[in-house]
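Here is a short briefing for a first look. Read the lead, then go through the topics in turn.

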Amino acid sequence: MKYFRLFVAITIVGLLELTSCSQEPSRQTPSSAIYTDDIGRIVQIQGIPQRIISLSPSNTEMVYALGLQDKLVGVTSYDNYPPDVKNKTVVSDYSTTDMEKIVNAKPDLVLADSIQKNDTIPALEKLGINVYTMTPGNIDMFFNNLKMLGRITSKTKEADNLVSNLKSRVQAVADKTAKLTDLQKPRVLFVTWHDPIWTAGSETMIQYLIKQAGGTNIASDLKGYATITLETAVQRNPQVIIVMNSMGTQNISLDFIKSNNQFKSTDALKNARVYEIDADIFGRTTPRIVDGLETLAKLIHPELFK
Amino acid sequence: MNDQNTDRKQSTIMINNHNESVAHKTVRELPAYSSRRFLRVISISGLMLACIIISVLALTVGSVEIPFKTVWQILISHLPFVNLRGDWSSTTDMIITGIRLPRIFMAGAVGTALGVAGATYQGLFRNPLADPYLIGVAQGAALGAVVGFVLPLTFGGSYLIPILAFLGALAAVSIVYLIARVGRTLPMTTLILAGVAIGSLLISITAYLTMISANKVHGILSWLMGSFSISGWDQLRLISPFLAIGLVVIFLYSRQLNVMQLDEEQAQQLGINVERTKIILLVSATLITAVAVCFVGTIGFVGIIVPHIVRLIWGPDHRLLLPLSAIAGAILLILADTASRTLMAPAEIPVGVITAFLGAPFFLFLLRRKKKAVF
Amino acid sequence: MGKLEIQNITLDYGQCPVIKDLSFQLRPGELLGLVGPNGCGKTSVIKSLSRVLFPRSGRILLDGKELTRISRNELARLIGVVPQNPYLPETFTVSEVVILGRNPHLRLLSGESAKDMAIVWQAMERTGITHLAKRRIGELSGGEKQRVTIARVLAQEPQVILLDEPTANLDICHQLDILDLITSLCYEKTIAGLIAIHDLNIAAQYCNRIIMLKNGQIHAEGTPEQVVTAENVREVFSANVTIYRHPENNLPMVLLNGNHRQQKYSSKEEKVVRRFIPDHS
């Protein structure tokens, strides 16, 4: 009798073992790797992604920068660089994604932005699609993202080359501005909108760029992207004013600043040092941000950068 | 005096003889509720059938072209005991059953909730302008959602925003209720005023929070305008029990709602426990509205328009008005959602915009229809 | 069977008591008239009898049971109230409103049966509104709406009917019809009826007993002959009237005197007054 019970127990255990074996999820095969993305999600990717979807313009530019455009099967409607991207299928308009089109494109990697973490990313996860989020907050994170993307897509060489190239260009600018004293660093006001005045404070890429380019951000006491009153902005007497705008559209904020009576008393307006910069370059964290840094350096220190 | 008594006796006799003919006339003029069941069943099942047909049609359209026959085959292949293999890819199957179908169900569920809640609020407040967001549900949900966007909270995973929106909605209504309550009674006009006041306060807090988090504005705006784009089966599983309970309770009180259309004193004299009925209906309607709004954002006009349309066609009896508002609400929102995802694909027009587009002309139509009072 | 006992009730809406220490009885088969000047508390009494207003002290017994011990639903089956200015939903049809009167008799999930409908129809017949059955409330006149409410209460089949100025908006024919209806109900179905009314003549003609209230207390109680007297009218209403006896049934009738306060006019005013009241003396 007791052997019978033993026999039953073994059978049950054996059956359980078998079922758990068949239920075992993706075993780690030698060709799959685990990554942690920018919002802390664990992403497991098998093999080399062949069909990539990008859900933000900066991610798209990074894909092109690493030479992966042939594998790009989905972009957003805001993507506009490089011009070739117009031929790609649009699957999202940056805040609402078209799930059908994404699924239909059969991607094995979706590059998302943290802004989508509440809705799109969980939805994609539930459909079993790999999502890797890239939201670099500063330039070091950005270089890291490039390297990560290179690793994931097996383009490590291209990524490393690109990163070292960009780093040396950044260094070239820094070399020239590092020797400047505080007095030599002009006070810079950065503006994205005028009513109220939206500017960039500490912990933003813009602040970093201004610093690297040899300027002092007059809004550095504010945190993140914030508003500043007209009086405060004028009182801090900026020597250089940079207004960001989408190229090709009328720069209303620039017109406002140039014609405003209070601003007329600032050094920037007295010396006609009000400049316009491209939102596509400065608003996105892409390889072109280094172009932006060089442009900014030329605007702030024309005497140092020819 | 004696003459009076004789007169009285005579009239009694007349009344007694009358009784026999009453029965015949009554059946003709005033059929019993039970004998009108046929009409009710026809109306409800007819509308239900329309809903199913519209849903199936909605299933066949989308930003990815899938032929009608394939959709049909995929649907049938998922029925139990059916073994049908076809030439469609698993991607196509996923699009139909994993994206479009839950989305349609979600639109239907939210439409049902808003239609019934709107009809209930209109009946409770005896006001044709009442809608489910009258006493702060929308404003509370919006604030809860924005708090979830802005603060670095991590509990709940992808359900963080819906949970906060739900709690926000309930909290807002509770505050409004506590302010409006007078002793053991709940005067309805005070409730509306408190709702407006608290609602404005919540809106301003929401606006402030939105303003100071510039990088989240896009996401917040999307949520506020309402969208079904990320509907999934798990969300439906979560909201179904709340929705079911709320709907059942409200339907049980349909006849009481009829009686409540008289003033509160008369309703009380007809045996209705007015205060208790008010609270139960308010809680149920608020519950289903909160649960509808928390995943999808606030979608306007459905709660106001649908009950009026149903009332125009079928009359004010809540025993028919409520179930028909449920189905009509589902139909309207499924249509609106289908339009929102196909008119400008792959971009989505927010559903709230489409319902507003339908709502404005409808209100004008209502205003011009003075001959037959709608409420 | 519908016997109401009111024992020493005091009613107030906050500080000032409207009714002080009031006691009376309402017996089945009789129509009791409640008369008194504006604001004397007639409506408050009716509200307290239908449990809308709770007495600060004293108790109300229906068939020996305290009103507060009776469930709301059961109370609705026993007591029906025709309020003074009831709100009626504009888009309901007349029959839909009268049907609401059956609510206390219906269980939670049941609809109205054929028997219920027969009662509703009968109620509409008795109030003479069957030709309005399918019309909407919004299209009716004030008098028709009043009859709808009365029909609704009749559909309730109560044992006690409380009416607050039920004849206010009705023309004389309908006034008398309604009063005949109520008295016949009281008599044939032995319902107890309480009617709060302005018109002393109607009260005298139709009520078995009359209670005249003054300042929240009973000033006079008894048969019409006992209560409707010139002194009572002067003391309670501050009006000088003449009481005459109806030639056919000998019930008291109030005859109005023009210029009842007997004011003195100046000669100029006399001329004006004389033009309008030729026989003024």
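The points below cover the chains, their contacts, their domains and some strand pairing.

This is a predicted model: local features need pLDDT of at least 70, side-chain atom pairs count only at pLDDT 80 or more, and totals for chains, interfaces and linings use all residues. Residues are numbered from 1 along each chain as its sequence is written, while chains are lettered from A and ligands numbered from 1 in the order in which they are written.

**Contacts between chains**

- There are 2 pairs of chains in contact, and chains B and C share the most contacts. Two residues are in contact if their C-beta atoms, placed from the backbone, lie within 7 Å.
- Chain A and chain C do not touch. Their nearest C-alpha atoms are 42 Å apart.
- Chain A and chain B meet through 25 residues from chain B and 25 residues from chain A.
- On the side of chain B that touches chain A, α4 (90-125), α6 (160-180) and α8 (217-225) of chain B each supply at least two residues. Helices (H or I, at least four residues) and strands (E, at least two) are DSSP runs, numbered from the N terminus.
- α4(B) gives the largest share of that side, 5 residues.
- The side of chain B that touches chain A holds 11 nonpolar, 12 polar and 2 charged residues. Ala, Val, Leu, Ile, Met, Phe, Trp, Tyr, Cys and Pro count as nonpolar, Asp, Glu, Lys and Arg as charged, and the others, Gly among them, as polar.

**Chain B**

- Chain B has 15 helices and 0 strands.
- Of its 375 residues, 46% count as buried. A residue is buried if 20 or more other C-beta atoms lie within 10 Å of its own, exposed if 12 or fewer, and partly exposed in between; C-beta atoms are placed from the backbone.
- Take the contacts in chain B between residues at least 6 apart in sequence: 76% join residues at least 24 apart.

**Chain C**

- Chain C has 10 helices and 12 strands.
- The radius of gyration of chain C is 21 Å, close to the 19 Å that the globule rule gives for 281 residues, so chain C is as compact as a globular protein of that length. This radius is taken over C-alpha atoms, and the globule rule is 2.2 Å times the number of residues to the power 0.38.
- Along the principal axes, the C-alpha atoms of chain C fill a box of roughly 75 × 45 × 40 Å.
- Among the 281 residues of chain C, 42% count as buried.
- Of the contacts in chain C with a separation of 6 or more, 65% come from residues 24 or more positions apart.

**Domains of chain C**

- Chain C splits into domain 1 (4-239) and domain 2 (240-281). Domain bounds come from an automatic or database domain assignment.
- The C-alpha centres of these two domains of chain C lie 33 Å apart.
- Their contact takes 12 residues from domain 1 of chain C and 9 residues from domain 2 of chain C.
- On the domain 1 side, α7 (200-206), α8 (224-227) and α9 (230-237) of chain C give two or more residues. α7(C) gives the most, with 4 residues.
- By class, that domain 1 side has 7 nonpolar, 3 polar and 2 charged residues.

**Domains of chain A**

- Chain A splits into domain 1 (32-154) and domain 2 (178-300).
- The centres of these domains of chain A, taken over C-alpha atoms, are separated by 30 Å.
- Domain 1 of chain A puts 11 residues into the contact, and domain 2 of chain A puts in 8 residues.
- α2 (57-65) and α5 (139-152) of chain A give two or more residues to the domain 1 side. The largest share, 5 residues, comes from α2(A).

**Strands of chain A**

- β1 (residues 32-36) and β2 (residues 42-46) of chain A pair in the antiparallel sense over 5 bridges. Two strands pair if DSSP finds at least two bridges between them.
- A:Ser32 has A:Gln46 in β2(A) as its bridge partner.
- The hairpin of β1(A) and β2(A) has 5 residues between the strands, and A:Gly40 takes a positive phi near 85° there.
- Another 3 strands of chain A form an open antiparallel sheet, in the order β9-β10-β12. β9 (193-194) and β12 (225-228) of chain A stand at the edges, each with a single partner strand, so one side of each is left without a neighbour in the sheet.
- β10 (residues 197-200) of chain A joins β12(A) through 4 bridges. A:Ala200 has A:Tyr225 in β12(A) as its bridge partner.
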